[in-house]
Amino acid sequence: MPEAWVRIRGLHYARGEQVIFDGIDMDIPRGRLTAIMGPSGTGKTTLLRLIGGQLRPDAGSVEVAGQNVSALRSKALYRLRQRMGMLFQNGALLTDLSVFENVAFPLREHTRLPERMIRDLVLMKLHAVGLRGARELMPAQLSGGMARRVALARAIALDPEMVMFDEPFTGQDPISLGVLVSLLRRLTDALGLTSLMVSHDVQESLSIADYVYVISEGQVVEHGTPAALRRSTSPWVQQFLQGQSDGPVPFHYPAPDYRADLLAEAP
Amino acid sequence: MTAFLQRLGAGTLGITERVGRGHLFLLHVLGGFPGLLPRFGLVMKQIYASGVLSLLIVAVSGLFVGMVLALQGYNTLVDFGATESLGVVVSLSLVRELGPVVAALLFAGRAGSALTAEIGLMKATEQLSAMEMMAVNPLHRVVAPRLLGGIIAMPLLAAIFSAVGILGGYFVAVGLLGVDEGAFWSQMQAKVDLYEDIANGVIKSVVFGFVVTWIAVFEGYDAVPTSEGVSRATTRTVVHASLAVLGLDFILTALMFGDE
């Protein structure tokens with residue numbers, strides 16, 4: 001396995017009373033596609049924010065490219081962030097800028113490239129996600145899936161060393177889903193990108209990831225290659241991979257007994 | 001009793017903390033001002049958004065305020081046979097007080113609320129987070145141009161308010177009430193002082209522009225990122241900014257004209 005680009009050790013993070021991470025260790029290898037999977041509400045997005053330095057861990061450390069993220073001063077943190085891209089769950093496009101300008105945004109902010117070159121770069125990135133023809137549209141005119149693809153083009157605009165994808169497959173129709181899945185794989189291989197993907201789409205994630213972490217209730221439940229994960233004997237992992245409603249993971253949020261609850265007096 | 005004291009303490013701490021946060025926020029935003037010089041286009045865009053788009057409401061209000069001032073002033077002055085001073089009454093009221101204050105109140109309602117809603121929604125839709133992750137400081141890229149734009153737009157709006165108001169006063173005084181045109185303008189020219197009256201009015205409007213925009217951008221940036229949170233923040237902007245304008249107006253007036 002190649003060296004780790006992101007190294008997480010003993011990570012603790014709580015939001016108020018609610019413990020999100022309770023001592024997590026993780027290594028995200030350089031140049032590989034790593035998937036982090038887990039049920040909704042397990043703090044997958046929070047993990048990406050901790051890696052990006054938008055949140056600080058309560059204990060433990062997050063190292064990115066050999067630098068402890070939470071110890072960095074803001075200048076150094078911003079320099080490090082130029083080496084990462086992030087695709088947000090809802091795209092988070094800047095609503096006052098067109099599709100073209102959204103993808104051009106990081107280039108204009110961080111480089112002094114001539115306008116011609118910016119145009120070429122933006123069109124290349126947009127072509128990769130199939131939206132070169134949509135360059136004049138405003139974000140409000142895009143569907144959720146298209147917005148996410150524009151955001152993907154923006155995330156790779158500066159050719160970062162690592163890209164974090166937050167639920168890249170949600171809301172995609174079957175055709176764009178297929179294209180997107182192979183695009184993620186090709187980007188990782190062609191650019192030597194370190195890709196970190198957070199998802200609960202089991203089949204898509206297992207089909208392209210090199211390495212998978214499964215997290216739940218603040219712990220890493222299982223990790224390994226997709227093949228190893230499929231062979232896992234953990235009933236938890238099997239329930240999650242096969243999407244069964246019955247198993248060690250409850251579908252219901254903790255609640256009092258159903259019958260007693262229905263028969264109780266209204267307050 | 002203890003519960004009351006506890007609530008009082010918690011409330012006071014909450015307010016103090018927010019005021020502190022507001023000042024730290026301002027410090028960070030001001031840090032972004034030097035970076036705006038080479039990219040003044042960003043500021044121009046905001047001057048357009050908060051200034052040019054507020055022009056209509058400011059001009060129309062100014063016109064009516066000036067017309068009402070002339071009518072009311074005439075009724076009082078006519079008893080003393082001093083209707084030639086109507087121009088002075090209208091212009092001094094506008095330039096010293098009503099121009100900066102009413103324009104600032106309109107600015108808070110029109111541009112301030114829009115700024116808060118815009119920044120609050122940018123926060124709610126993770127646009128500010130996305131900028132941070134693209135290594136762009138939203139305080140410098142989003143907030144600083146809006147603050148500077150507000151500071152520049154506000155005195156211009158106040159000046160336009162006063163100018164249109166004086167014209168409105170002129171139409172009513174000379175056109176409707178038959179005040180002598182020459183007296184109207186010449187008395188105004190003689191009695192309105194460039195430094196004492198106009199400069200002080202401009203200083204007022206710069207201060208109001210700064211405070212109103214500061215409150216608006218801070219409320220937006222500090223809003224709870226939900227629809228309810230943004231709506232509350234927008235309301236707070238209008239209420240706090242209007243109160244701040246009126247309170248500051250008293251202080252500034254006392255400082256500028258208190259020893260006459």
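The structure is a predicted model, in which local features need pLDDT of at least 70, side-chain atom pairs count only at pLDDT 80 or more, and totals for chains, interfaces and linings use all residues. Residues are numbered from 1 along each chain as its sequence is written, chains are lettered from A and ligands numbered from 1 in the order in which they are written, and side-chain values use heavy atoms, without hydrogens and water.

Strands β1(A) and β4(A) run antiparallel and are joined by 5 bridges; two strands pair if DSSP finds at least two bridges between them. Helices (H or I, at least four residues) and strands (E, at least two) are DSSP runs, numbered from the N terminus. Strand β1 (residues 4-15) of chain A also pairs with β2 (residues 18-29) of chain A, in the antiparallel sense and over 9 bridges. Here A:Ala14 stands opposite A:Val19. The hairpin of these strands has 2 residues between them, and A:Gly16 takes a positive phi near 65 degrees.

A:Asp27 lies in β2 and A:Arg7 in β1, 20 residues apart.

Helix α2 (residues 74-81) of chain A leads towards the other chain. Its buried residues (under 20% relative accessible area, with exposed over 50% and partly exposed in between; 1.4 Å probe, protein chains only) are A:Ala76, A:Leu77, A:Tyr78, A:Leu80 and A:Arg81. They pack against β4, β5 and β6 of chain A together with α5 and α6 of chain B.

Across the interface, 16 residues of chain B are in contact (heavy atoms within 4.5 Å) with 22 residues of chain A. Between the two chains there are 3 salt bridges. In one of them, B:Arg39 meets A:Glu109 at 2.9 Å, N to O. On the side of chain B that touches chain A, α5 and α6 each supply at least two residues, and the largest share, 6 residues, comes from α5(B).

Within chain B, the closest N and O atoms of the salt bridge between B:Arg18 and B:Glu219 are 2.8 Å apart. B:Arg18 lies in helix α1 and B:Glu219 in helix α8, so the pair ties together parts that are 201 residues apart in sequence. B:Arg18 is partly exposed, at 23% relative accessibility, whereas B:Glu219 is buried, at 2%.

Terms used. Salt bridge = Lys/Arg side-chain N within 4 Å of Asp/Glu carboxyl O.
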